[in-house]
Amino acid sequence: MSARDSMLRRYAVPLAAGVGVGVAVLVAGVRLSPSIGSASGAASAPSAVPAEATEEYGRRLIAHTAELLGPDQGDPDRRFMDSRLNCASCHLAVGTEPGTLTLLQTREHYPRFSGRAGGMTEIEDRINECMQRSMNGRPLPVDSVEMKAMAAYLRGLGGQYDAMSASSRKTDEPPPFATPPRAADRQAGREVFEKRCAICHGGDGLGLLASGDKAKGYLFPPLWGPDSFNTGAGMHRVLTAARFIKARMPLGEPTLTNDEAFDVAAFINDQPRPVMAALENDYPDRSAKPIDNGYGPFADDFPLEQHRFGPFAPIEAYYKALREKK
Ligand code: HEC
Ligand code: HEC
């Protein structure tokens, strides 16, 4: 048993007893993923891919993305991503947990205008944005069974949300992240990481595999390195990451202050990860680019360093004034 395995036992059990859905899924993930193939016959074997785009298959793809579409997938034609994350690594409880990065309300959000794409987008386009960025992969063909299944699952979640009571829609998240009026401190972020994150995500930030078999993906996903999200991903924006981290991490015990969430997001953001090509084509209208975007060009003269790590108040004030002039 490695030190991490014993850590895992120490943490997974009290967490599963003490908190909600996210951790239940985490624990279920450990027990269930090896049985996907055996319990349902050869359902996850490449030759036995469902011919139909069922919501159940969609759920499985979002929960076990690395295994089904990742670089270790046995059928080379079905390898669509280079990372070994699952969609559910960020969209907790396979998107069913209300709150930050929930997918319960996705159906209501589409079609919508995307500043990044510079046009109207559907759920399928948004799935492919996360495929290319969060999963460091390639777009799924829109008429593939996998795309149809994921979209059907997400549309189905909308029905599930409609049927939920007001109390089950509420989250027990801490107050939302508020940006501190200063630049993020990456050294302080490193200390937060070591104290509060390394226990699960590893001292090297590279995560902990679900089993000895890399093909099964991670139990605790990597925060940087070759198996993580790329530089074009939303999570690579420091304010987006800080919002998620403040709301959700440490998993089961989200007690960070705004300062800690900000600093640790910047520390993670500053580590090496896969680089996405042709990012300069994003946001044809540069003034629509989020102020914490990790890459230029911008419609302002603030240095890239400030867009990545703050202070953000001067940039916010600049765009506010620009909008008021219009
Ligand atoms: C590394 C974290 C991460 C991973 C992994 C990830 N996403 Fe996302 N996803 C995000 C972020 C961040 C957003 C954008 C939130 C925002 O715009 O503020 C997002 C947004 C979305 C949305 C839009 C939600 C809405 O209601 O508008 C969909 C749909 C989505 N993701 C699907 C997926 C799918 C499917 C996968 C797997 C193929 C996936 N995501 C993997 C981080 C991730
Ligand atoms: C108790 C274990 C645990 C701790 C401690 C923890 N995390 Fe996580 N984290 C997870 C798990 C598990 C997931 C994936 C969610 C899932 O699979 O249900 C995750 C997902 C993430 C993700 C999105 C996926 C990715 O790989 O980028 C980020 C970012 C993240 N954690 C950051 C942090 C930060 C920052 C801290 C420290 C402040 C932290 N986590 C502490 C267990 C933990």
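## Two ligands in a predicted model

In what follows, Ala, Val, Leu, Ile, Met, Phe, Trp, Tyr, Cys and Pro count as nonpolar, Asp, Glu, Lys and Arg as charged, and the others, Gly among them, as polar. With that in hand, welcome to this structure, which is a predicted model.

## Around ligand 1

Let us start with the shell of ligand 1, which has 26 residues. Cys 87, Cys 90, Cys 130, Ser 134 and Gly 234 are the ones that come nearest to the ligand. How does the shell divide by class? There are 16 nonpolar residues, nine polar and one charged.

Several helices take part here: α6 (106–109), α7 (123–132) and α8 (145–163) each give at least two residues to the shell. The largest share, five residues, is that of α7. Looking at domains, at least three residues come from domain 1 (33–169), and at least three from domain 2 (186–269).

## Around ligand 2

Next comes ligand 2, with 30 residues around it. Here the nearest are Cys 197, Cys 200, Pro 221, Met 249 and Pro 250. By class, this shell holds 24 nonpolar residues, five polar and one charged.

Which helices each supply at least two residues of this shell? They are α1 (3–18), α2 (21–32), α10 (186–201) and α11. The largest share, six residues, belongs to α10. Ligand 2 lies between domain 1 (33–169) and domain 2 (186–269), because both give residues to its shell.

## Where α4 meets α8

On the α4 side, the contact is made by Glu 55, Tyr 57, Gly 58, Arg 59, Leu 61 and Ile 62, while α8 brings Glu 146, Ala 149, Met 150, Ala 152, Tyr 153 and Gly 156. Sorted by class, the residues of this contact are seven nonpolar, two polar and three charged.

## Where α11 meets α12

Helix α11 (residues 238–248) packs with helix α12 (residues 258–269) at an angle of about 125°, their axes being 8 Å apart. This makes α11 oblique to α12, and the crossing of the two is right-handed.

From α11, the contact uses Val 238, Ala 241, Ala 242, Ile 245 and Lys 246. Residues from α12 include Asn 258, Ala 261, Phe 262 and Asn 269. This contact has 10 nonpolar residues, two polar and one charged.

Definitions and conventions: Residues are numbered from 1 along each chain as its sequence is written. Chains are lettered from A and ligands numbered from 1 in the order in which they are written. This is a predicted model: local features need pLDDT of at least 70, side-chain atom pairs count only at pLDDT 80 or more; totals for chains, interfaces and linings use all residues. A residue is near a molecule or strand if its C-beta atom, placed from the backbone, lies within 6 Å of it. Helices (H or I, at least four residues) and strands (E, at least two) are DSSP runs, numbered from the N terminus. Domain bounds come from an automatic or database domain assignment. Axes are lines fitted to C-alpha atoms, for helices over the stretch in contact, and angles run from 0 to 180 degrees between N-to-C directions. Angles under 35 degrees count as roughly parallel, over 145 as roughly antiparallel, 65 to 115 as roughly perpendicular and the rest as oblique. A crossing is left-handed if the near helix is turned anticlockwise from the far one by less than a right angle, and right-handed if clockwise. Two residues are in contact if their C-beta atoms, placed from the backbone, lie within 7 Å.
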